[in-house]
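This report covers the nonpolar cores and the pockets of the structure shown below.

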Amino acid sequence: MRAGKNNQSIAIVSVPSEVRKDRAGKLNDPAPFKASAESLAKRLAARGNVKVQTFSTLGKANLEGVLHEVARQTNNDFQKLYLMLHGNDQAVELHNGRSVGPEAFADTLISGLGWKNKLTHYLNTTRPGAGVAHKVSPMVLNLRLLSCLTGWQAHAQGGQSPQSFALNMVNHMAQWLKGEVSDFSSSAGLSNSEKKQWQFDIEVRIKAPRGWNVVLQDGHNISYWVPNSQAGRVDRQFARKFDTIHSKIDAHQLLGDVVLPEEEKSQVNVLSVSKYANQRVQVDIQTR
């Protein structure tokens, strides 16, 4: 979450399951989640001029508390937040095995990151001086979900297409932002002239995989698509050969055409809530 110029800070939060068991009834080892987060962090840090911090819910009470720590350590001013959880097109799985839908998950992020206070502070800085509008920097929340199928959207069949998990998050956040802006406008004591000249620009970006997501040993991620009936088989392929899969090229050689092309592997949702002088509040959602 940032206002104005990027400070080139990136946060990675991993949420390994602490209750999942393998076929033998043994608790899954959370080490792969840690390794994936470390690989991703190493790749991002190699770009230079960026501070990458990793966080984990392992042994912690809840995700919200970890997000509080993210906000504290980054001064709530990061370029991008990566979230690594088990997921599907309907829900993501928290460390305790509880599944939460897109609206509840968005509320957890809003609360954990203290976005209400951040938003109020930002809106205060956009108040017109002496009733005259002034240029303001945008406030941006840039999220990258690394959770399987959270960007998957079914094709329409005789009606409106069901929306993806990520897009439902964006829609929920749009309603929340509109309500917060309206409340601020009513309670801030703006004169009619100030309300007319008031301008701001808020953006939420959520990028999520359209298929089954894997972070490789080089820190890059791939997304592959197979029917549910084949997902277990492909997972086992990865598990057996993961130590030899160092790059996207290796993954393509193992899985072939089921790996989604780079330009198709993720769904990108961009929410803009803005107001410019002499205009009404505008809400726009773009999906690609």
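## Residue classes and model

In the class counts used here, Ala, Val, Leu, Ile, Met, Phe, Trp, Tyr, Cys and Pro are nonpolar, Asp, Glu, Lys and Arg are charged, and the others, Gly among them, are polar. The model is predicted.

## Largest pocket

By these classes, the lining of the largest pocket consists of 21 nonpolar, twelve polar and nine charged residues. The lining has 42 residues, and those nearest the centre of the pocket are Arg20, Pro32, Phe33, His86 and Asp235. The elements giving two or more residues to this lining are helix 1 (31–45), strand 4 (80–87), strand 5 (92–93), strand 9 (212–215) and helix 7 (228–241). Helix 7 gives the most, with six residues. The space in the largest pocket is about 1,500 Å³.

## Second largest pocket

The second largest pocket holds about 250 Å³ of space. It is lined by 16 residues, with Arg47, Lys80, Tyr82, Arg144 and Lys207 closest to its centre. Its lining divides into three nonpolar, three polar and ten charged residues.

Strand 4, strand 7 (139–145) and strand 8 (200–209) each supply at least two lining residues. Strand 7 gives the most, with three.

## Nonpolar cores

The largest nonpolar core has 50 residues, and Val13, Leu81, Phe105, Trp115 and Ile202 have the most contacts inside it. Helix 5 (residues 165–187) gives the most to this core, with eleven residues. A second, separate core has 16 residues, including Cys148, Val214, Tyr224 and Ile245.

Beyond its neighbours within four places in sequence, Leu81 is in contact with Ala11, Val13, Leu67, Val70, Leu113, Asn142, Leu143 and Arg144.

Definitions and conventions. Residues are numbered from 1 along each chain as its sequence is written. This is a predicted model: local features need pLDDT of at least 70, side-chain atom pairs count only at pLDDT 80 or more; totals for chains, interfaces and linings use all residues. Side-chain values use heavy atoms; hydrogens and water are left out. A nonpolar core is a set of buried Ala, Val, Leu, Ile, Met, Phe, Trp, Tyr and Cys residues joined through side-chain atoms within 4.5 Å. Buried means under 20% relative accessible area, exposed over 50%, partly exposed in between (1.4 Å probe, protein chains only). Helices (H or I, at least four residues) and strands (E, at least two) are DSSP runs, numbered from the N terminus. Contact means heavy atoms within 4.5 Å. On a 1 Å grid over the protein atoms alone, a cavity is a set of points where a 1.4 Å probe fits but cannot get out, and a pocket is an open set with protein on both sides within 12 Å along at least five of seven lines; lining residues have an atom within 4 Å of a point. Grid points are joined across faces, edges and corners, and a volume is the space filled by probe spheres set on the points.
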